[in-house]
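Here is a set of questions on one protein model. Each answer works towards a single value or name.

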Amino acid sequence: MVEIEDFENMWAKYGLRDSPYTTKALSLAGTLDINKLFYGREEELDSIGKRVFSTNNSKTAILGEVGVGKTTFANYLRWLLARKKKIIESKFLTTVEEIKIQENWDMPKFLRETLFSIYNSSKIFKWEEEGIKLNMLRTIGENLGSYYQKIIEFKEDSVKFEKGKNIINSDIPSELLQNWFSELCREIRGYNKKLIFHYNNLENMPEERIGRFLMSIKEIIQIEGTHWLFLGPHNIVSAIENTPQIHSIFNEHILLNPLSEKEVLQILKIRCNFLKIEHGDYFQPYDEKTVLELYRRLNGNIRFIFKLLEDTAYSMPPPCKVTIQEVNYIQEKEKNKIMGSLTSNQQKIISLLIERGEVSMSDLSEGVGILQTNLPKEIKELQKKALINIRKNEEDKRYTMVRLSQRTSISFAFSTINK
């Protein structure tokens, strides 16, 4: 029987304080110092940095596949512009965290979320104590201060979360919210500063709604002294370009391709040096050739690479180097375990999805030779095992699309080993 005494921090045996493989995006207020750990993207940073510094208003779509590092890139850009210097010396103000777009957002919800994020960040970053005294923040705080059921209290080395009891007042007219935002921006311009906003998860919104949503906030995102970063996959460009009024006001988008092999290796080295126990050295937990092989197999997806390295490390006695043989062994075991739990029909479905990627339910039925009336039962079981994802076709809601889960082990064990 496993006892709690059996658990220990395995990374200490490597001479490290924590895992160097974390896939969480680096943030402005996290325990991992974004200034010391961010690496690469010099060309993209230079391009967008000059744009923001040289204009009074910009709107940029930052595009890339899942796991390419969009959020960390945008957070570092905001740190560089708004947090590298003291608040009173910087030309920019920004929010603590990125703002996550939801599928059902409209203009009022967008404004409430944005205003509260500004209010909350002013408390965490202590704008008033730093000399930035904004009268409109009191109004926002009185009306939106109970927006979330948690109040964030900033401490020097960490962010502490405490539960509150109140909920948001959602009855505030959109015109009033817009007036508050405009007045707040005016006050900030009075300090000769600009605001930078960062919105994630634009893919949460159906493509046909993105254009309408951006149209609803068009006047807001054109206010002087504001800069807007919208992060998402490549297809959001279509939504922007198919809405001429929005396309005409957006700047050239920034496309983030995977980091190079050398950059991924350098990031791991920087992380290990940062996490090493004070006054000590560390045992390198990975084999560089293994990282390069994973880079090739996973098309440079740094999130998947790090997740596989971490999963394999937890399956081995520390300290030891993770090699491609161990990765293959662990993932082959995972694949066999998964496939052994599937029926013959479910195995056929998985095999077809490996071969074709995303397919419609009707094509899946035809491809595996299962009647469409019998397919939902198999699909439901595969969903329970977290092996597949389904969604409605954005162009025709009558069709349901099916694809493999984006779990790292699934992507690697099925898609790469089999190929």
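Q: Which elements do the buried residues of α7 pack against?
A: This is a predicted model, where local features need pLDDT of at least 70, side-chain atom pairs count only at pLDDT 80 or more, and totals for chains, interfaces and linings use all residues. Residues are numbered from 1 along each chain as its sequence is written, and side-chain values use heavy atoms, with hydrogens and water left out. Helix α7 spans residues 207-216, and Ile210, Gly211, Phe213 and Leu214 are buried there (under 20% relative accessible area, with a 1.4 Å probe and protein chains only). Those buried residues pack against α4, β7 (226-232), α8 (236-241) and α9 (244-247).

Q: Within what arc do the buried residues of α7 fall, seen down its axis?
A: An α-helix has 3.6 residues a turn, so residues three or four places apart point the same way. In α7 the buried residues are Ile210, Gly211, Phe213 and Leu214. They line one face of the helix, because they fall within an arc (taken from the directions from the helix axis to the C-beta atoms) of 165 degrees.

Q: How far apart in space are Phe116 and Gly141, C-alpha to C-alpha?
A: Phe116 sits in helix α4, residues 107-124. Its relative accessibility is 5%, so Phe116 counts as buried. In sequence, Phe116 and Gly141 are 25 residues apart; in space, the C-alpha to C-alpha distance is 7.6 Å.

Q: Is Thr400 buried or exposed?
A: Thr400 belongs to strand β11, residues 400-404. Leaving aside neighbours within four places in sequence, Thr400 is in contact (heavy atoms within 4.5 Å) with Val359, Ser360, Met361, Ile390, Arg391 and Lys392. Its relative accessibility is 18%, so Thr400 counts as buried.

Q: How is α11 oriented to α12?
A: Helix α11 covers residues 288-297 and helix α12 residues 302-314, with their axes 9 Å apart. They pack at an angle of about 135 degrees (axes are lines fitted to C-alpha atoms over the stretch in contact, and angles run from 0 to 180 degrees between N-to-C directions). Angles under 35 degrees count as roughly parallel, over 145 as roughly antiparallel, 65 to 115 as roughly perpendicular and the rest as oblique. Therefore α11 is to α12 oblique.

Q: Which residues of α12 make the contact with α11?
A: On the α11 side, the contact is made by Thr290, Val291, Leu294 and Tyr295. From α12 come Ile305, Leu308 and Leu309.

Note on methods
Helix = DSSP H or I, 4+ residues; strand = E, 2+ residues; numbered from the N terminus. Buried < 20%, exposed > 50% of the residue type's maximum accessible area, 1.4 Å probe, protein only.
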